Every structure is written in C-alpha cells, then in structure tokens.
Amino acid sequence: TVLPYSSFFWCTQEKKKWSDEKGVVLMIPRERVTKAIEHQETNVLPLDLGSTLATGIHVSSLHKLRVALGLSKGSDPVKVIDPFQMLGEVEDDLRRALGIDTVPLLPPYNCFGFENQGWKPWTFFDGTPLLVPEKFNIIPDAEGNIYQYPQGDTRHRPSGKMPEGGFYHDILVRQQPFSEEMLSVEKQIEEYKLLSEEDLLYYQREAQRLYHETDYAIVFSGVPGTNLGDIAFIPAPALPNPQGIRDIEEWYISLLTRQNFAKEVFAQITEIGLKNLRLFHQAVGNQIQVIVISGADFGSQTGPFVSPQVYRELFKPFHQQINQWIHENTTWKTFIHTCGAIYDLLPDIKEAGFDILNPVQISAPGMEPERLKSEFGDHFTFWGGGVNSQSTLPFGSPEEVRTEVQRLIEIFRRNGGFVFATVHNIQANIPLPNLIALFETISHYR
C-alpha cells in the first residue's frame, strides 16, 4: 500500500521552495523549526523523525514503513546508525515523503566506540534486511546471542549483548572491584576527551554540507563533556577496561552517598565540555539550530529518580554553565532528553536554561499535556509528546492512535513551542496499520 500522504510535501530542487499539494509556498523546514522553538506559530506544524537517538525509529519498523510508502522493496536493506537501540537511518526520500523538517548531525562514532562505516549486510532476527557497520559483530555465540565489543575489538570483553530473537542490545556492566580509596576522578572520566582535529574537520564538512545542500533544521547530538550522568554511558561501552563506578545501581547510590566525588566528576567533565563547545563552534559556527546537551533520565515511570535537591546540588550548576555559554556565544537552542515523571524537576530544569524538553512522557504521573502546556508552554519547546509509544502506538487500535495524535497536536501546538515527535523512539513490532494511522493523522492535522 502506498500511503496517500506520501506527496504531502516536496521540494523543487531548482528553486528550493517547499510547497503543499496545492502549490502554496510554505516556510522551508529550517525556518519552520526555528520559529516553533521561538514560540511563534507556523503555517505547518514541524515534524521530527530521526534527528536524535531519542526521536528515531527501530530498523524493523522503518523497513515496514519504507515498503508501505513504496520507497523500498522488501529486499532493500536499511542502515543501522545506532547499534545500541538498533535505530535506522532516515533517508532523504523518507523525509520528503513524510514532510520531516529535521536532519541529524551525528558523531562519527557510535556508543560502542566504532565508526559507522564500511557497511556490510546482515539479516536481523525478524528477517529485516540490514546494513551494519564494518566492526558490528554479526557472529552469534552457541546460544544465538550477538555481542558487541568496545571499539569493535573482539579481544576485549563484550560491552553489549543482544539475546537471540531480541530487538536491541543490552549494555553489559563490567564493574571492576573497587574501594573508596581506589576511586579517582581521572578514572571516572577516562572516556571524556577533547575533540581531535580529525573530529572537527568531520563536523565542519558535515555541517556545511547539511546547511548548504538541504533546507532542514540541523540537530547535533552533542559534544563530549555536556551529557552528565547519562545512565546509558555510565558502564562506558566504548572503553576496553573501564575503571571507577560503572555499575548502574552503584552510580545512582553514589548520587547520595558520594556527592562530593560526583560533583568533582561533573566539574571536570563540564570543563572538558566547555572547551569542546568552543572548538565545535569554531568549526561549525551557527549552521546548526539545535544541540542536545543532556540525555540523562531524571525520571522513572512513577516519579523522579533524583530529588529536586539532588538535581540542584549536583546537576543544575553545571547545566547552567553549559547553557549560559551556548546562549551567550551562539544562536543554538539547547535540548534536554529526560524520560519519566519529572514534573517536580521542571522548574529547576527551566532555570538551568534549557530551551527544549524531550521526550515529554505524557503517561507518567504529573506529566499531563494540558498541565505542561499551561505551566511551562511559555518557556519550553515540547519536542515529543505526540503519541504514547509505550501503549497506544504498539497496542492500541489505528483509531485510538488517530484520536490521541489529534488531541495532543491540538494541545501542544498552541502559540508555537511544539515539534511533533513520538514519546521516545518508534519501537519494533509496531503494527503497520498503526504506523499508517500515525503519519496520516500528522499529515492531516499539521
């Protein structure tokens, strides 16, 4: 089935003008996203899919969507750009078919520390044809499990495991025995480095290409040294032999029992981050529009992971430093990703200077859309919250998907400050009729 909205937007390359199906000239995507972030209403609601590792789509669902749109045959592979979550590359033909307004400026290395290059074919457990990076391990063990290794080097202990028949990698904790006397800030921040000349040249080339050759809003996933306490990276899956506190449970406990240590860790990481921001800005200037600063989850399904007091003591001062530098020296808007029930933390996150809130987990206590828009809609741009990807999208009916998407668009789009994205990534095993209902409804109500 070729979806009826597949020609909703298109761009005539000669004039670089975006039009709707009646030929009415619209804002270009970059302008549309910029105005939305500045809380101005736009003629069309901005749409994101794939600009960050929290607004992407699983390779299996991406393949189904592309086939349904008539963009691919069933045998055509999709690229895995994030081996951890098994997210697929959203290509330009899909952006144009759906009217997506964003494009990612991704780091050259993935979370396992090897480059996304040298693509090779692999058939996923569910039969989806894929292209994976050269150093992505596709050889299963005797039980059918797939393991990934730091920097793709099989001489090291694996740092990621995908069970046979699974859809994602689990990050493996490789905690070394430690005592309080053995802890050191230097070991805890081993993975945080200054951007190399090679990295900076890569970002310079990519930013120029995306800025001059496309009309999309460019979203950058962040430099080393701004993402404090992101639990996905505490185990350091890119390091061959990580030292320090690398166990997830022990890390959360340390936010209470080792606060002085955590504060010094964050201070030194932030120092590196600020240096990297200066280098990155020298390389790309103001060609990007959005930068992801933090991916740490401060909320669980039912409440905050940390109290407002802990956030104020350990995280907020450093978030303020980072956001202040960006706002004083660039035109970028800063993006925080934090899942869960974080309502109690939002006043402090606002004071920390973040412009954009993601993923807006509307099903969590205190995160009711009307309440969020009423109390924080004049400050935050809500980048997400478009449909519940934990329940409605995978388990609801197509009509329930349509109803929820329509309701959330009507709430969040008032007075700008909304970029449509699902609540976190579109996962695997989403029924095709629900995917169709999602994008048909977005198209209709944009």
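**Close-up views of a predicted model**

**View 1. Helix α5 and the second largest pocket.** Helix α5 gives the lining of the second largest pocket its largest share, nine residues. The model shown here and in the other views is predicted. α5 spans 197–213, and β4 (78–82), α3 (92–98) and β6 (102–105) also supply at least two lining residues each. The lining comprises 31 residues. Glu-89, Leu-106, Tyr-202, Glu-206 and Arg-209 lie nearest the centre of the pocket. By class, 14 lining residues are nonpolar, 13 are charged and four are polar. The space in this pocket is about 700 Å³.

**View 2. The largest nonpolar core.** This core holds 109 residues, with Phe-280 and Leu-438 making the most contacts inside it. Its largest share, 11 residues, comes from helix α7 (residues 259–284). In soluble globular proteins, nonpolar side chains tend to be buried together.

**View 3. Surroundings of Leu-438.** Neighbours within four places in sequence are left aside here. Leu-438 then contacts Val-387, Leu-393, Val-401, Val-405, Phe-420, Thr-422 and Ile-426.

**View 4. A second, separate core.** This core has 12 residues. Among them are Val-33, Val-219, Val-292 and Trp-383.

**View 5. An open three-stranded sheet.** The strand order is β9-β10-β11, and pairing is antiparallel. β9 (146–148) and β11 (170–171) stand at the edges. Each has a single partner strand, so one side of each lacks a neighbour in the sheet. Strand β10 (residues 160–162) is joined to β11 by two bridges. Gly-160 stands opposite Ile-171 in β11.

Note on methods: Residues are numbered from 1 along each chain as its sequence is written. This is a predicted model: local features need pLDDT of at least 70, side-chain atom pairs count only at pLDDT 80 or more; totals for chains, interfaces and linings use all residues. Side-chain values use heavy atoms; hydrogens and water are left out. On a 1 Å grid over the protein atoms alone, a cavity is a set of points where a 1.4 Å probe fits but cannot get out, and a pocket is an open set with protein on both sides within 12 Å along at least five of seven lines; lining residues have an atom within 4 Å of a point. Grid points are joined across faces, edges and corners, and a volume is the space filled by probe spheres set on the points. Helices (H or I, at least four residues) and strands (E, at least two) are DSSP runs, numbered from the N terminus. Ala, Val, Leu, Ile, Met, Phe, Trp, Tyr, Cys and Pro count as nonpolar, Asp, Glu, Lys and Arg as charged, and the others, Gly among them, as polar. A nonpolar core is a set of buried Ala, Val, Leu, Ile, Met, Phe, Trp, Tyr and Cys residues joined through side-chain atoms within 4.5 Å. Buried means under 20% relative accessible area, exposed over 50%, partly exposed in between (1.4 Å probe, protein chains only). Contact means heavy atoms within 4.5 Å. Two strands pair if DSSP finds at least two bridges between them.
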